[in-house]
Amino acid sequence: MNDLRLHNLAIYNELEAATKRVMASGWFALGPEVKSFETAFAAWCGAAWCCGLANGTDAIELALRALGVERGDEVIVAANAGMYSATAIRAIGAEPVYADIDPATLNIDPTDVARCISSRTRAIIATHLFGRLCDMPALRALADQYGIPLLEDCAQAHGAALAGKKAGAWGDAAAFSFYPTKNLGALGDGGAVVTSRRDVLDTVMLLRQYGWESRYKVVRSGGSNSRLDELQAALLNVKLAHLAEWTRKRQALGKFYAQNIHHPLVQVSPFAAELHVYHLYVVRCSRRDELKLFLGERGIATDVHYPYLDYQQPLFAGQPIAQTRLPHSEAAVKEILTLPCYPELGIADAKYVADAINAWNP
Ligand SMILES: Cc1ncc(COP(=O)(O)O)c(C=O)c1O
């Protein structure tokens, strides 16, 4: 599905130089490398500020806390996005409320978000799944109409844009993950909150270090240890300079698949370079498991992102949340299949995948 060894070997010398620089500095957490990455990444997203954190799940949790979410509040979210947001919401003691997806994009449907709004709604999360922006103009308008903060989950969408505005610049806050497989990935865990709201930045800065205002002085509850390492920040600084080129390669693969997969049982979505960075290339197929097996026999690795809707997780068996019914999400979860798509995959490899699908005769 991916080859992270190849990905990092291509820029080995740059990564090595950054590693040596950090080792020689003797400064390993929240130092100049983190500062410089925060400045560069905020500017890259078109937002005012960035606060580096330990991972993307913490970024969602700390952003929600900074947006005012507390125990007992409701947060509206999609159910098909791997449970990361629900993990963060539940860590606060708040409740996820699930909205259905638009079947054409597999992203949260603003109309169904509107249905879910109640007097307890304290935030809406827009997860830009697979690298494609949600319908942000509609979600932004809805959030403004009801005065509810909007959080973007950009873990899969570094650089995706709509009308010239990037992921991370639409919400009151945005959470990013730099897990190694992400479009911008560290060599370990990393994350960030990006925001143009000064109050959100200030609160996340407190929360990432125990609620400290200054060393050992705790002024805020809900804090944790969620620092970004100097080493990861230095590596991310190197990689940020390559991200546009990697995105172009992902988009070339996305375009190739969209134009070259022709099978009556396999649905590809139209190529959408203006808003999609192809973190994952997902097709739909009513006989998904047979197709997966067929491709596996031809040496083609595929995966399912994700095999469980949040409320169908075994964790919730027998609980009221398991009674949730979202027809479009439930139809999609049985049909989605992720094809290989990463910058080091050549067009010849993608042709092998497309030819194999086209030759499938179930
Ligand atoms: C959509 C989405 N949100 C959040 C996360 C959580 O990020 P992390 O693994 O860095 O905690 C991930 C990835 O893992 C993700 O894909």
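Reader: Is the crossing of α4 and α8 right-handed or left-handed?

Author: This is a predicted model, in which local features need pLDDT of at least 70, side-chain atom pairs count only at pLDDT 80 or more, and totals for chains, interfaces and linings use all residues. Residues are numbered from 1 along each chain as its sequence is written. A crossing is left-handed if the near helix is turned anticlockwise from the far one by less than a right angle, and right-handed if clockwise; for α4 and α8 the crossing is right-handed.

Reader: At what angle do the axes of helix α4 and helix α8 cross?

Author: Helices are DSSP runs (H or I, at least four residues) numbered from the N terminus, and axes are lines fitted to C-alpha atoms over the stretch in contact, with angles from 0 to 180 degrees between N-to-C directions. The axes of α4 (residues 56–66) and α8 (residues 198–207) come within 9 Å, and they cross at roughly 125°.

Reader: Which residues of α4 and α8 make the contact?

Author: Two residues are in contact if their C-beta atoms, placed from the backbone, lie within 7 Å. On the α8 side the contact is made by V200, T203, V204 and L207, and on the α4 side by L62, A63, R65 and A66.

Reader: Is the crossing of α3 and α9 left-handed or right-handed?

Author: Helix α3 (residues 32–45) and helix α9 (residues 230–240) pack with their axes 8 Å apart, at an angle of about 40°. Residues of α3 including F37, F41 and W44 meet residues of α9, among them L236 and L240, and the crossing in which α3 passes α9 is left-handed.

Terms used: Helix = DSSP H or I, 4+ residues; strand = E, 2+ residues; numbered from the N terminus.
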